[in-house]
Amino acid sequence: MEKERFLSASPHLSDAESIPKIMYGVVLSLLPAAVGAVYFFGLKALWIMLVASAAAMASEAAVQAIMRKKITVADGSALVTGILLAFNVPASVPLWLPAIGAVFGTVVGKHAFGGLGYNPMNPALLGRAFMLASWPTSMTVFTVAPRGGSLCGIDPATISALQIDAVTQATPLKLLKVARGVLAHPSAADPTSYASYAKAMGALYDSYGNLFWGRVGGCIGETSAFLLLVGALFLLYKRYIGWKIPVSYLGTVALLSWAFAGTDGLFSGKPLFHLLSGGVMLGAFYMATDMVTSPVTFRGRLLFGAGCGVITMVIRLIGGYPEGVCYSILLMNLTVPLLDRHTRPRILGEKK
Amino acid sequence: MLRKRTFSGGVHPPQCKITAHLPIEEVPPPPQVVIPLQQHLGAPAEPLCQVGDAVKIGDKIGEAKGFVSVPCHASISGTVKAVEPRLHPLGGRVLSVVIENDGKGEVSSSVAPDPDYMDCSPDELRARVREAGLAGMGGAAFPTHVKLSPPPTKPIDTLIINGAECEPYLTSDHRLMLEQPREILAGVQVIQKILGCKRVVIAIEDNKPDALATMRKTVSELGNRYEVISFRAKYPQGAEKQLIKAATGREVPRGGLPMDVGCLVHNVGTAKAIYEAVALRKPLVERVVTVTGPGVRTPKNLRVPLGTSFAHLFAHCGGLTEDAGKIIMGGPMMGIAQFSDEVPVIKGTSGIVVLSQRESRVAEPQVCIGCARCVDACPMKLVPTHIQTLVRHERFAAAKDYGLLDCIECGCCAFVCPAKIPFVHLMKYGKLKVYQLERAAAPKSA
């Protein structure tokens with residue numbers, strides 16, 4: 001035979017998916033929330049996203065060039081890291097901060113371990129943890145109110161009627177944390193502030209619409225549950241994420257917040273409030289589901305999501321931070337090898 | 001509506017059954033055939049002829065050596081030109097008998113119909129099956145008489161006739177069910193008599209409604225109490241363990257055989273060949289081959305004498321296109337790529353698929369990103385990504401603990417992998433190393 005023929009092991013057919021396709025699919029799914037970030041927090045949000053993405057991509061290319069590895073910045077994974085990291089900072093940060101966070105996440109969180117596929121922890125979240133530890137004030141003080149809303153999510157007209165300062169300064173989770181401290185000990189609190197906090201909590205629980213659409217203070221990409229869900233539906237449809245981690249994560253958060261987060265004893269909490277506020281939606285659909293840093297087995301993924309939910313609620317309710325999504329996922333990332341090892345599925349024909 | 005019978009895992013490759021509506025055609029007799037003396041799992045046959053011998057269709061040219069072995073027969077009449085190692089589609093060179101066609105098409109006198117074949121004892125039926133050189137025609141080519149000889153401690157209660165044909169492109173079983181349902185069912189009766197099993201399931205994927213209807217109609221016409229069951233079209237529905245699970249709910253134990261759970265699976269083509277072996281006393285000298293794929297100008301279903309070269313079939317199908325890139329014996333999921341079109345059709349050649357240049361290119365593997373698609377797709381419920389990592393790190397014992405030897409090499413994991421990791425290649429390599437290490441560790445017999 002004169003013509004050369006191709007040879008390879010079976011199978012000789014392959015699915016059309018590839019790593020870049022998946023990564024750019026994730027980028028696409030983040031676009032609604034990215035547009036929302038610019039709408040709610042102004043052009044500054046766009047700059048944050050551009051700077052973080054550029055820093056992540058540039059540092060990835062630089063590391064690979066220095067180590068004389070193949071430069072894979074075009075595969076889209078660094079871009080995903082950059083955007084997700086940008087989503088995790090307040091609109092008020094100086095622009096050098098997300099740049100440093102993105103570089104740290106990419107270089108230390110990803111390439112120190114061998115690059116894409118080898119990183120034990122989500123690079124974007126590691127970058128965020130680094131920023132939170134090094135510049136806590138910039139990362140936790142929210143000063144930019146979203147367009148058409150207020151920092152705490154209560155309608156501006158209602159806030160002026162409430163007459164408490166804490167309300168105007170805090171994000172919903174922070175307000176809840178302070179209010180629960182007061183409301184849980186009625187005898188210790190002075191009657192005026194007790195009454196106003198009770199009213200504030202009532203108003204907060206009435207503002208689900210603001211939390212859902214995103215008219216609330218917070219990190220630029222995490223405020224609109226609606227826009228995040230739009231992207232998440234796309235990811236689920238394309239099977240770039242599965243239902244197991246989001247469902248077990250959100251389910252655990254809902255259950256624990258219903259049981260323990262109320263101000264009138266057990267099972268007086270409002271699960272919807274905890275699901276809609278802070279970074280739970282962003283975390284459950286975009287960060288905990290990160291393929292590289294989550295388990296591959298069925299039960300492993302359920303346990304992973306549940307673990308994220310438990311740690312998130314422990315930090316929110318008992319810990320020093322109002323928000324626990326970032327640390328919960330980072331901590332659970334470290335349990336992945338263990339989870340995978342102990343949740344191996346039963347092989348077909350294996351004794352039960 | 002009833003839930004469609006199936007198994008967990010699996011994938012949905014594009015089906016491309018472009019030859020499904022084309023009746024089986026006789027291929028013009030080739031000028032010569034090359035018949036390898038090993039076309040089955042087990043010991044090769046020993047040559048019975050010499051250069052210069054005249055042979056007729058059905059003459060035995062290779063004698064089985066040992067129990068797990070079958071004889072070989074001449075598929076055309078003519079003169080033996082050579083008995084020498086020749087290229088084999090499963091790789092390497094295998095001792096083969098080359099016969100030059102004399103064009104007379106004379107049939108051996110040993111081929112004599114026996115209308116009273118159902119009066120034979122099970123042992124006699126088994127002997128005829130073995131003499132006819134039958135090996136499983138679904139692709140794995142395990143000697144058929146061995147499967148028909150389960151030990152008395154493992155009674156078979158369920159016979160499954162495999163007409164699933166889940167490989168994309170292949171339609172030879174499909175056409176056989178449409179065109180020769182009576183022969184298939186006569187073969188099923190023979191198997192039933194040999195084994196004494198009560199339940200018979202004829203398993204067909206639901207993407208072949210015409211085959212389902214034909215088989216159902218023929219079963220009722222013949223008054224047989226066979227179940228013709230529709231299975232969901234999903235690859236690898238036709239894999240033995242998956243088929244048994246879907247049909248009976250039973251799981252073949254790890255490292256075990258279907259007979260361990262009272263089941264036996266035979267391909268529809270094998271059933272038809274069993275009928276011919278016992279009723280016509282006709283050895284296995286031809287089979288249906290689907291010649292298809294974007295690289296073939298006129299895809300066809302062909303009835304082909306064993307030993308016919310692929311090149312002869314391509315010539316009969318209008319030749320290959322300019323764009324032809326890869327020649328595969330079998331389906332695209334489990335078939336074996338060929339570097340020459342001079343290899344012969346053997347007993348297990350269910351199809352020949354020719355892919356285009358573009359489809360033939362192998363993407364450069366990337367690192368696993370843990371997407372878990374392989375885990376979701378694995379019909380054996382393995383964790384392929386962990387096994388491949390262990391094999392790469394040469395941790396073969398650990399890979400074995402993770403189920404390396406349970407892998408059926410169906411290729412689902414490699415099909416869905418976005419990083420294009422060559423899973424099947426790594427699994428085969430890992431298995432080879434495990435066997436090598438175990439052989440080295442076993443105490444040497446003096």
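1. Let us begin with a word you will need: a residue counts as buried when its relative accessible area is under 20%. Please also keep in mind, as you look around, that this is a predicted model. Now try the word on Lys272(B), a residue of helix H7, which spans residues 268–279 of chain B. Its relative accessible area is 8%, so Lys272(B) is buried. Which residues does Lys272(B) contact, once neighbours within four places in sequence are left aside? They are Leu176(B), Gln180(B), Glu183(B), Ile184(B) and Arg303(B). Find Lys272(B) in the structure and see whether you can pick out these partners around it.

2. Staying in chain B, have a look at helix H6, residues 240–248. Several residues of H6(B) are buried, namely Lys241(B), Gln242(B), Leu243(B), Ile244(B), Ala246(B) and Ala247(B). What do the buried residues of H6(B) pack against? Their partners are strands of chain B: E9 (158–163), E10 (199–205), E11 and E12 (263–267).

3. The peptide bond running from Tyr235(B) to Pro236(B) is cis, and its omega is near -5 degrees. Where is Pro11(A)? You will find Pro11(A) in the segment before helix H1 (19–41) of chain A.

4. Next, a charged residue in a loop. Glu409(B) lies between helix H12 (396–401) and helix H13 (412–416) of chain B. Is Glu409(B) buried or exposed? Its relative accessibility is 18%, so Glu409(B) counts as buried. The side chain of Glu409(B) makes a polar contact of 2.9 Å with the side chain of Lys431(B). Setting aside neighbours within four places in sequence, the contacts of Glu409(B) are Met334(B), Val424(B), Lys428(B) and Lys431(B). The backbone is worth a glance as well: Glu409(B) is not a glycine, yet its phi is positive, at about 60 degrees.

5. For another positive phi, turn to chain A. Arg68(A) is a residue other than glycine with phi near 55 degrees. Its place is the loop between helix H2 (43–66) and helix H3 (77–87) of chain A. Here the accessibility tells another story, because at 79% Arg68(A) counts as exposed.

6. Helix H3 of chain A also takes part in a helix pair. The axes of H3(A) and helix H5 (residues 123–134) of chain A come within 8 Å and cross at roughly 40 degrees. That angle is why H3(A) is called oblique to H5(A). The crossing is right-handed. H3(A) brings Thr81(A), Leu84(A) and Leu85(A) to the contact, where they meet Pro123(A), Ala124(A), Gly127(A), Arg128(A) and Met131(A) of H5(A). Sorted by class, the residues of this contact are five nonpolar, two polar and one charged.

7. Chain B has a helix pair to set beside it. Helix H11 (residues 384–392) and helix H14 (residues 423–441) of chain B have axes that come within 10 Å and cross at roughly 55 degrees. H11(B) and H14(B) are therefore oblique to each other. Which hand does the crossing of H11(B) and H14(B) have? It is left-handed. From H11(B), the residues Pro384(B), Thr385(B), Ile387(B), Gln388(B), Val391(B) and Arg392(B) meet Phe423(B), Leu426(B), Met427(B), Tyr429(B) and Gly430(B) of H14(B). The residues of this contact comprise seven nonpolar, three polar and one charged.

8. One last stop is helix H1 of chain B, residues 122–131, where you will find Glu124(B). At 29% relative accessibility, Glu124(B) counts as partly exposed, because that value lies between the 20% and 50% cut-offs. The side chains of Glu124(B) and Arg128(B) are joined by a polar contact of 2.8 Å. How far apart in space are the C-alpha atoms of Glu124(B) and Lys154(B)? They are 21 Å apart, with 30 residues of separation in sequence.

Terms used. Residues are numbered from 1 along each chain as its sequence is written. Chains are lettered from A and ligands numbered from 1 in the order in which they are written. This is a predicted model: local features need pLDDT of at least 70, side-chain atom pairs count only at pLDDT 80 or more; totals for chains, interfaces and linings use all residues. Side-chain values use heavy atoms; hydrogens and water are left out. Axes are lines fitted to C-alpha atoms, for helices over the stretch in contact, and angles run from 0 to 180 degrees between N-to-C directions. Helices (H or I, at least four residues) and strands (E, at least two) are DSSP runs, numbered from the N terminus. Angles under 35 degrees count as roughly parallel, over 145 as roughly antiparallel, 65 to 115 as roughly perpendicular and the rest as oblique. A crossing is left-handed if the near helix is turned anticlockwise from the far one by less than a right angle, and right-handed if clockwise. Contact means heavy atoms within 4.5 Å. Ala, Val, Leu, Ile, Met, Phe, Trp, Tyr, Cys and Pro count as nonpolar, Asp, Glu, Lys and Arg as charged, and the others, Gly among them, as polar. Buried means under 20% relative accessible area, exposed over 50%, partly exposed in between (1.4 Å probe, protein chains only). A polar contact is a pair of N or O atoms within 3.5 Å; within protein, one must be able to donate a hydrogen and the other to accept it, and residues adjacent in sequence count only if both atoms are side-chain atoms.
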